[in-house]
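Visitor: I'm new to this one. Could you show me how to read it?

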Amino acid sequence: MPRRVYLTEEIRRVEQAAGAVSPPLMERAGAAAADLAATLCSDKGKDVLILAGPGNNGGDAMVVARILKERYFRVSVARRFDEVPKDVRWSLVVDGLFGIGLARPVEGEYAKLVGCANAQSCPVLALDIPSGIDSDTGRILGCAVRATHTLTFIGLKPGLLTLDGPDHCGQVLVSDLQVDAPSTQSHGWVAEPALFAAALKPRPQNFHKGMAGSLAVLGGAAGMAGAALLAGRAALMLGGGRVYAGLLEERGVDPGAPELMLRHPDHVLGLDLDAIAIGPGLGTSDRAETLLGAVLASDIPCVVDADALNLIAEDADLRKACARRGADTLLTPHPAEAARLLAETTAHVQSDRLKAARVLSANLNAHVVLKGNGSILVARDGHWFVNTSGNPGMASAGMGDVLSGFLGALLAQKYTGEAALVLGTHLHGCAADECVRSGAGPVGLVAHELIEPARRLWNGWLARS
């Protein structure tokens, strides 16, 4: 089942709508957490330290403490650092200091309790979200608990899935508290193939390459041809029918992919194309700017990446041309590129990744993936997603070029911009995860290694549809 992601204000509305249920939500949350706590302690002993804060999260923690005591666990509750018993080998620490309402840095006594939790060698169970993590953004507010497990209530929150959240949450489990959280126009989704199951269909037997679309990859300036060739190879192996590489630095053939047709960019733009990917190795020359202007002026679906994004950031006319487009436009910035597009700092973008991606999407009338840990995806219509596939090995040269090739291939095959954005980004991360599972990474993982497993995974998704 597709998984929804809720901002704090939406969770508060769901809680208010639930009203005076019996048993109360706090009792349900505490009971669910106590069950998980008992499981985590099953072979480790009976000594449990409960860190309880001043708000509802602390109330949940006190319910956990009561239930565990009823089950004959040796439970210690600490609201201050000096209340933590000394010389105890804890079987479990339960973090109930702060939940989704935290809006200020964790300091003083609470920072000491966070340090205490992080110093333990036993499992650490966070209630709703690790204390110190902003539930909407994934930012660390002062300091944060590093949990081994997080039991979140009602639904997932963005802060669990992006920026610093994944490094602090451990294994994330959801307890819906028997509350029916409604589908709304404002919540997001975890990016996964199930969202677009209706669009994932195997090819019919009666099929020819023209039905798989024609894609042009524009880029490859002097010294950067590899970027465009990577994108082209990725597009070929994700099913693009015809893939042309319009290289600013002309070459005769790509020995690694002789099926890739190398052309002069002007010649490529004169072809009957279904999609364009522009930016890999493009550079920022006048010639590059002219090519980008021609692409943005066309009615062909396109992917805009790398140097093409930097050119848009520096030129108001290109920004206006992008915003006027009727055809699907996919933008793939990393945080520094997004900062340039927004005339902000990278730190500002990272402080609220969802907000930054939403503003970019609205300003440039585009589908946007803001890359990074827990990539944020925002469609033109405002739908938003968090991608949870991928790993640190993807912090490597050429990864964005491969993504551009995947997205371009999907656009050429007539997937909508939103479907291409979500499916392509998720596939990109899944392919990297597959590489790591096979022993190729995360350290030393290189971009071209993603292409083969991506093809295998994609065909698997189609076969299961």
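Visitor: Which residues have the most contacts inside the largest nonpolar core?

Guide: First, a word on the model: it is predicted, so local features need pLDDT of at least 70 and side-chain atom pairs count only at pLDDT 80 or more, while totals for chains, interfaces and linings use all residues. Residues are numbered from 1 along each chain as its sequence is written, and side-chain values use heavy atoms, leaving out hydrogens and water.

Guide: In soluble globular proteins, nonpolar side chains tend to be buried together. A nonpolar core is a set of buried Ala, Val, Leu, Ile, Met, Phe, Trp, Tyr and Cys residues joined through side-chain atoms within 4.5 Å; buried means under 20% relative accessible area, exposed over 50%, partly exposed in between (1.4 Å probe, protein chains only). Here the largest core has 86 residues, and Leu68, Ile276, Ile278 and Val304 have the most contacts inside it. Helix 2 (residues 25-40) gives the most to this core, with eight residues; helices are DSSP runs of H or I, at least four residues, numbered from the N terminus.

Visitor: What is valine 304 in contact with?

Guide: Contact means heavy atoms within 4.5 Å. Skipping neighbours within four places in sequence, valine 304 touches Ile278, Leu296, Leu309, Ile312, Thr329, Leu330, Leu331 and Thr332.

Visitor: Is histidine 168 buried or exposed?

Guide: Histidine 168 has a relative accessible area of 4%, so it counts as buried. You'll find histidine 168 in helix 5 (residues 165-169). Again setting aside neighbours within four places in sequence, its contacts are Pro130, Ile133, Ile140, Ala144, Val145, Arg146 and Ala147.

Technical notes
Helix = DSSP H or I, 4+ residues; strand = E, 2+ residues; numbered from the N terminus.
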